[in-house]
Amino acid sequence: MDEAPVATTTMARVPSESLRKKRSSGSQDPLAEAMAASSSTSVSSPLSAARRGRASSAWASMRSWLARRMVPSQAYLMGLLLRLSVVVCVLGVLIGIGLGLRYTDDLPTAADYSNLVFDWQVNPRSYLTPYNQSFQYNILLDGHSHTNYSDGKMNPRQLLDWHIANGFNAVMVTDHNTLSGGQAAEQLALNDDYYRERIVVIPGMEYSCCRIHMNLIGINETIQVGPPVPTDQDLQAVINRTHALGGIVIVNHIPWSNTTQSGYDVARLPNHPSIEDLVAWGVDGFEVINQGTFDTISLAAAQQHNLIQMIGSDVHDPSVPVNAWLAVNSTMDKASILAEIVARRTSFLYDPTGTPQRAYPSMSAAYDRLSPLTLLGDYFSMFYSLNKGMYSFQGTFCQPEQFQVNADVIGWFLFWLILMIIVFELFRTMVLCAARAVTLYYQQWRARQRQHALSDF
């Protein structure tokens, strides 16, 4: 009996306080708003719970799927093994192709020398004076040059054009261990009116071995070479044979020959004969200027022993400067020029800077077609180091071969390869997880759409 009024009083007090708050906030119908709020709460709560339930179910499904993926299945391991096998096979094929092409002869080279243009004309007389300033001359000769009959890049016609453009009107063509390039150039100069009026060719050959390089000039046949490392007697026989054929012997680029060969700490041409021995063996002269190197020691020896002072561009490639010209006063024929040289009536012009004009080859289309494969050889050659030393021009090399496996490089290559495989697998897993999540969400969305459609029906 006493509890009912208390309950009634309490129930009555709650609306009045609510009404006071609503009035103070400016509400027009606080009771209706309270009822609406209560109704809204009662309606939204089941919907929110349903959404939370679906999200929880989706997340539980995702966690279950991830848990299964964290433990590699047999199917995944088999797929991983297949992918690793493909990587190994592809690498093996690429290494085989690259290194195989690297050591294949007669492949196209990067440079195409077939369309060289020498569109300039050097006149060294206009800015240089002879080493002997009173010397009178009308012939400017190059005493050392190469064609593609040996290791030069230019054919005989291009070689003559290059010399004419650089102010020469006489040239000694001296390919390694063959007279053929010089003879081909001479025939061109004699039989072509354009060249006959502009340049004289004197054939020769550069006797090349692992001890010395010598130009044999004015001979009419190729002198037999060998062995790659000749004895003193072998070299004396070459000198004597040259003289017997009416030629002269010029010792080439002694500073270059005695320069230390990279990786060996020995001379490029080991056991080069001394100047004293060469003079005693009967050589006719020394190349005192080779390219831009002025060999003052050989010059002094030539002056002391009254020997020929020869100069040579030693041109192999047209993208090099000219630094020197041999000055001769003679008529424009081979015999007269050689006679003046043998008589030591010569001087030379020297430009330590060299001429500025150059000719450059174009890129070879045939090389470009193969370069994606041939350059693989350059890339994978980082796994090892191979040094053969100086070439003898007789099929061998002048220093012992050095081969070394670069284990550190191979180790780092494998490290980065494994790291890339791991990154790929992680990325692949992330993509699969994302695809799975999207698929689950889509499936649940479709299910809700069907459920709503059925409820509306």
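## Contact between helix 4 and helix 5

In this predicted model, Pro 156, Arg 157 and Leu 160 of helix 4 make contact with Gly 181, Ala 184, Ala 185, Leu 188 and Ala 189 of helix 5. By residue type, this contact is made up of six nonpolar residues, one polar and one charged.

Helix 4 spans residues 156-165 and helix 5 spans residues 180-191. Their axes come within 9 Å and cross at roughly 70°. Angles of 65 to 115 degrees count as roughly perpendicular, and helix 4 and helix 5 are therefore roughly perpendicular to each other. The crossing of the two helices is right-handed.

## The largest nonpolar core

How many residues does the largest nonpolar core have? The count is 30, and the residues with the most contacts inside this core are Phe 118, Met 154, Leu 160, Tyr 195, Val 201 and Trp 325. At least two residues of the core come from each of helix 4, strand 3 (170-176), helix 5 and strand 12 (324-328). Helix 4 gives the largest share, five residues.

With neighbours within four places in sequence left aside, Leu 160 is in contact with Val 171, Ala 185, Leu 188, Ala 189, Tyr 195, Ile 199 and Val 201.

## A second core

A separate, second core has 24 residues. Leu 179, Met 205, Ile 223 and Leu 235 are among them.

Technical notes:
Residues numbered from 1 in each chain as written. Predicted model: local features only at pLDDT ≥ 70, side-chain atom pairs only at ≥ 80, totals over all residues. Heavy atoms only, no water. Axes fitted to C-alpha atoms, helices over the stretch in contact; angles between N-to-C directions. Helix = DSSP H or I, 4+ residues; strand = E, 2+ residues; numbered from the N terminus. Parallel < 35°, antiparallel > 145°, perpendicular 65-115°, else oblique. Left-handed = near helix turned anticlockwise from the far one by under 90°. Contact = heavy atoms within 4.5 Å. Nonpolar A, V, L, I, M, F, W, Y, C, P; charged D, E, K, R; others polar. Core = buried A, V, L, I, M, F, W, Y, C linked by side-chain atoms within 4.5 Å. Buried < 20%, exposed > 50% of the residue type's maximum accessible area, 1.4 Å probe, protein only.
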